[in-house]
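Hi everyone, thanks for making the time. I'd like to walk you through one model, so let me put it up on the screen.

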Amino acid sequence: MSTIAERLNEAQARIDAAAARAGRSDAITLLAVSKTKPAEMIRDAYLAGARDFGENYLQEGLDKIQQLKTLDIRWHFIGPLQSNKTRSVAEHFDWIHSVDRLKIAQRLSEQRPSGMAPLNVCIQVNISGEQSKSGVGPDALTELAAQIAGLPGLRLRGLMAIPAPEADEARQHQALAEMKQLFDALKAEHPGLDTLSMGMSGDLEAAVAEGSTMVRIGTAIFGTRK
Ligand SMILES: *Cc1c(COP(=O)(O)O)cnc(C)c1O
């Protein structure tokens with residue numbers, strides 16, 4: 001079995017190869033998604049060079065942040081968040097990728113401690129129009145972004161999507177390309193945006209080809225989850 005360091009290197013090589021094929025030389029961040037995996041595996045990935053880690057479940061994420069507080073890690077919250085749980089994210093994370101309504105954003109802004117840098121925010125977009133999925137619809141994105149951009153405790157960085165799984169490659173690319181269009185249109189209004197968070201273990205090549213600047217990779221680094 002290969003080590004975490006080897007799998008991290010392989011994931012990075014996949015990103016680099018996809019970027020080269022797309023003629024891209026801009027930075028693409030590897031976000032290591034460590035949900036359900038123990039702190040020791042995060043430490044291994046950290047020692048191999050990873051600095052950004054993503055967690056989906058709040059209590060589990062908080063426990064790992066506490067266990068690994070001596071490491072210089074940027075912690076990203078990427079899961080669904082209930083409005084009564086915002087305070088812990090505001091106080092302990094550096095990023096949240098899953099904001100999809102104003103109420104959550106307002107609470108995060110109010111609860112962000114004044115001594116900390118603003119919380120980095122990506123708005124989650126329901127790009128495949130799935131009824132069961134989180135995310136704002138593309139139609140409501142412009143208004144939500146304008147509201148979030150005005151909140152002092154937050155820094156709007158960009159957009160996040162989890163497209164519906166597609167066996168067909170052309171359709172896989174289509175949703176990702178739509179996200180890139182939404183991102184570029186929004187960036188024209190908010191020039192500070194720099195993050196398009198899309199691509200996972202199974203579709204990172206397609207996501208990089210379509211303009212992702214941050215890929216969220218779990219399984220390919222840490223192995224399958226139960
Ligand atoms: C679990 C998860 C990932 C990682 O998915 P893999 O297929 O394991 O790479 C990425 N993004 C989100 C939002 C997730 O919940």
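Which residues line the largest cavity? They are Q124, V125, N126, I127, S128, E130, K133, S134 and I162. Before going on, a word on how to read this: it is a predicted model, so local features need pLDDT of at least 70 and side-chain atom pairs count only at pLDDT 80 or more, while totals for chains, interfaces and linings use all residues. Residues are numbered from 1 along each chain as its sequence is written, and side-chain values use heavy atoms, with hydrogens and water left out.

Back to the cavity. For us, a cavity is a set of points, on a 1 Å grid over the protein atoms alone, where a 1.4 Å probe fits but cannot get out, and a lining residue has an atom within 4 Å of a point.

Now to the strands. Helices (H or I, at least four residues) and strands (E, at least two) are DSSP runs, numbered from the N terminus, and two strands pair if DSSP finds at least two bridges between them. Strand β1 (residues 29–33) runs parallel to β2, joined by two bridges, and V33 sits opposite G54 in β2. On to the next pair: β2 and β3 are also parallel, over four bridges, with F53 opposite W75 in β3.

What do β1, helix α2 (residues 39–47) and β2 make together? They form a right-handed β-α-β unit, and β2, α3 and β3 make a right-handed one too. Right-handed means that, with the strands pointing away from the viewer, the path from the first strand over the helix to the second runs clockwise.

Is β2 covered on one face or on both? Both: D52 and G54 on one side, and F53 and E55 on the other, are all buried. Buried is under 20% relative accessible area, exposed is over 50%, and partly exposed is in between (1.4 Å probe, protein chains only). In a regular strand, side chains alternate between the two faces of the sheet.

How many salt bridges does the structure hold? There are 11, a salt bridge being a side-chain nitrogen of Lys or Arg within 4 Å of a carboxyl oxygen of Asp or Glu. One of them joins D52 and R74, whose closest N and O atoms are 2.8 Å apart. That pair links distant parts of the chain, 22 residues apart, with D52 in β2 (residues 52–55) and R74 in β3 (residues 74–77). D52 is buried at 7%, whereas R74 is partly exposed at 40%.

Another salt bridge joins E60 and K64, at 2.6 Å from N to O. Those two are four residues apart in helix α3 (residues 58–67), so about one helical turn separates them. E60 is partly exposed at 21%, while K64 is buried at 4%. E55, E60 and K64 are linked in a salt-bridge network.

Last stop: R171 and E166 meet in a salt bridge at 3.3 Å, N to O. R171 is partly exposed at 48%, and E166 is partly exposed at 29%.

Terms used. 1 Å grid on protein atoms, 1.4 Å probe; cavity = no way out; pocket = protein on both sides within 12 Å on 5 of 7 lines; lining within 4 Å.
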